[in-house]
Structures are given as C-alpha cells and as structure tokens.
Amino acid sequence: MSQKQERSSLNKIAVKAGFFYVLSQLFVRGITFLTTPVFTRLLSNEQFNQYKLFESWLLIFAPVMSLSLYRSVERAKYDVKDKFNEFVSSVQTLSYLSITGFFILFLILKEPVEKICSMTDFMLYIAFLYTYAHTSILYFQRREKQMMRYKASTSFTAATVVPATLLAVLFVVIGKNTGYAEDLVTFRIAGYYIPMIVGGLCIGIVMLMQGRRLVNLTYWRYALRFSIPLIPEMLSIQIMNQADKLMVTYMVSKVSSSIVSLSTTVSYIIWILEDSVWNAWLPWMYEKIARDESRDIQKYWSILMHTFGLISLGLVLFAPEIIFILGGKRYQDAIYLIAPMVTGTLFRFYSYSYTAIQNYHKKTGFVAVSTVSVMFLNIILNYIFIRMFGYRAAAYTTAFCYLVLMVMQAMMEKHITGEQIIPLARTLRISCTWFVLCMVTMLLFDFPSFVRYLIVICAAPVCLKYFLPQLREIQKALRAGKKKNDNN
C-alpha cells in the first residue's frame, strides 16, 4: 500500500473510531447531564453543593492516588508494541498498590481527613472504592481509544453509567418520599457510585486476565518516569476546576457556591464535547507525528477550534433557557457566569494541542511546571477578586488563567521541539475572537428572548456556509480512502 493510501486508511479508521467514541460519550454523559434538573429540584441548595464538593474531591483523588500512571498508556503503545495489554495490566497493579497506600494513610488520619473533605465514613469508603474502579476505567478507555477501537468501551460505559444514573434518581426520590430528606446526598452517592464501583472493578479484572501480568518492573519504571511529573499537572488542573466552588463556599456562602456549581455543570456541556473529541483525536495525532506527517494536523485542528468556539457561543446565547431548565429561578444569577466559564474551558481545550506534543516527546516535567504555576496564580487571583467583586469574579479569573496556561504550554512546545505544529499567533486570534463574541452576547440578556432567537436564525446560514465545505472535504477524503482500499 502506498504512503498516500496508508494515510487515507488511517484517516478512515480514526474518524470511524472517533465518531463512535464521541457519540457514545455524548449519549452516556448526556443522560447524566439531563438528570441535573431533577437533582436541583429534589435537593436543597446546600445538599446540591455538598454533592458537588464530594465530586470535586473524587476528581482530585483519582489522578493523585493512582500516580496518574494511566496517562502513560497512549505513549507506551509506540514503545511496547505487541505487549500493550501486558503493559496495561502490570501498570494498573502499581496504581492499585499506590491507592491502597493512600487508603491506609487516610484511615489512620480519618477524623481530620473527613473534616477537611466534609465527608462521612460512608462517603470516604465510597470515595476510595470508586478511586480503584475509576482508575481501571481510565486504563481501559485509554487502551481502547489508542487502539482505535470503540465497541467494548462504548458498551461498557453505557452498561454502567446509564443504570447508575437512573438508580441515583430512584434512590433520591424514594428517600425524599419516605422521610429521609436529610440523607438525600447519601442516597444520591449510593445510587450512582455503587454500580460504577462494581463495573470498574470487573473491567479491572478483565484487563488483568487479558494482560496476564501483575508485576513488570521495567514497565513500572517506564510508567513512573512518564507519569510522576504529570501528577502536579493533573492535581493543578483539578484544583483550578474545583477552586472556584471551594473558595466561594468558604469566602461567600454555600448558596453562592451552588450557583457556581450549576454554572460549572453548563460548562461541562462543552467540556464533554471537547474531551470526547480530543480523546478520539489524540491517537490519530500521535500516529501522524510518528509518521512525520505533522503538517496534516494544523488544518483540521483549526476547524475544531472554530467549531467549539461556535458551540460555546451557542451556549451563551441560550444561557437563560439552559439555567432555567436545569435549576429554575433560584439559580437565575448563574447566566452571568456562563460566558467566562465556557470560554475558559475553550482555552483549556486549545492548550491540549501543545501539551500533547510535550507528552509525545516524554517531556512531561515541562507540562507540570506551567500548570502548577498557573494553579497558584488562579488561587491568588480568586482570593483577591472574589473579595473585591464577589463570587462572579471566580469565573473570570479562571478563564484568564487558562489563557495564560495556553500561552505557556505553546512556549514550552517551542522550547522542546523548536517549532509549533499549531502556531500560537493563530490560536490567540481565534481565542480572543470567541471570547469577545461570548462577552458581547451577554448584553443580549437585557433584551426580549426573541432577539436572541432571531440572531440564531440569521447566523445559521452563515455558519453552514463555512462548515459544510469542510465537512464535504473530509467526506471526500474518506470516500477516496475507502475506494482505494476496496480496489486493493
């Protein structure tokens, strides 16, 4: 097969796997997202905030306690080759040992830990069991997407998340109707996380059976060298994601924090899309770099940047309706947080293209330096501006910090490789354009709703005129690749 035919074949496989990966993530996470209006109405503001804080701690536990070793999976595929399953099962064991060590330490210091994390005994035990299970899920998903496979991952995710979400709703409804209104957070946690724990531990056993290796010191050293520098990076990102809610809780009030939490839920719409597309994109990107075909990356990445900028703008346009559906009138102030939050998420997505290059070249320490620096900047700015302007300032400081992070990561890539696959100047132009558009759009909240709807109707043809040619070009490339493969 010629080089051109191989490129077409790779594009076809990547797009097919990526499409189903994104579709499955949207379906599964969409079900979780659609239950938000149910929980905001069943739980009080304080209970909703308490559950969100529990989620926040879980997002910190997993990368730290597992040593972020699962992040070595994508790169290891190109080094261990046909022993990929063996690598995954072995490194998973090391993550489990690390989590166990943290578990023992936390049991010794249980009282202060529960006080700091605002957890009960039940919540702490669930948190640790879920950390084991979630770690296995991360290994499994990264292994499957790096192999550009989607069926097993899609089926597993649907079989766990969907029942868990529905069970959580059922438990909360039963608890509220049987006189346990004060324990609804416990019912919410039990309904969702127990099925996820069972599913995650089962998939961990399956991967162990497939890899047939518990211990391999060579693989452990490889994973540790790659992933240990990324722990500060992962921790910093999670702290940045959760600092707004935590700092508003302690500096302003739990009610204000619940408004920030709901706004964050809306920003998860774009984050879900971005994360899903990125996870489908990364294997293709690494293959392109490995084949010295980096020039193919820039064009399609620019299309993705504009696509998600447009989606972000759409979320801001419909922010009043989205907030009303998700939380009702008591969360109405959240509409003014959507624009900075979604654009902050957008800046983070744009920075992925730079961190991925550093990870590919195994320069993970550089990634950590920039994210840790920006994390401290975010905490300092939050403290200053929340005191000066109130809780809304947290959304703007975080967006600014993600912009700083994007610039720093681009500079790091240039330092490491001597070039930038995605020019920083182009990324900054696109970033500033969508940020300004989203900010200006908030001015429309003071006008009748039909004004925003009219803008959407008028803008739709323009957007289609821009994006349809791009989609046709991709479709044409796929058909050409299929035809050549069929001829062979």
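Rings of Phe, Tyr and Trp (its six-membered ring) pair if their centres lie within 6.5 Å; planes under 30 degrees apart count as stacked, over 60 as edge-to-face and the rest as tilted. By this rule, the chain has 23 aromatic pairs.

Before you start selecting, note that this is a predicted model, where local features need pLDDT of at least 70, side-chain atom pairs count only at pLDDT 80 or more, and totals for chains, interfaces and linings use all residues. Residues are numbered from 1 along each chain as its sequence is written, and side-chain values use heavy atoms, with hydrogens and water left out.

**Stop 1: confidence.** Colour the chain by pLDDT (the predictor's confidence in each residue, from 0 to 100). The chain mean is 80, and 88% of the residues reach 70 or more. Helices here are DSSP runs (H or I, at least four residues), numbered from the N terminus.

**Stop 2: ring pairs.** Select Phe61 and Phe106, an edge-to-face pair with 5.8 Å centre to centre and 85 degrees between the planes. Phe61 lies in helix α3 (residues 45-65) and Phe106 in helix α5, so the pair ties together parts that are 45 residues apart in sequence. Both Phe61 and Phe106 are buried (under 20% relative accessible area, with a 1.4 Å probe and protein chains only).

**Stop 3: the core.** Now show Phe54, Phe87, Met119, Tyr193, Trp278 and Met285, the residues with the most contacts inside the largest nonpolar core, which has 121 residues. Such a core is a set of buried Ala, Val, Leu, Ile, Met, Phe, Trp, Tyr and Cys residues joined through side-chain atoms within 4.5 Å. Helix α12 (residues 254-290) gives the largest share of this core, 14 residues. Leaving aside neighbours within four places in sequence, Met285 is in contact (heavy atoms within 4.5 Å) with Trp278, Ile297, Ser353, Ala356 and Ile357.

**Stop 4: Thr397.** Which helix holds Thr397? Zoom in on helix α17 (residues 393-417), where Thr397 is found. Thr397 counts as buried because its relative accessibility is 6%. Not counting residues up to four places away in sequence, Thr397 touches Asn378, Leu381, Asn382 and Phe385.

Methods: Buried means under 20% relative accessible area, exposed over 50%, partly exposed in between (1.4 Å probe, protein chains only). Helices (H or I, at least four residues) and strands (E, at least two) are DSSP runs, numbered from the N terminus.
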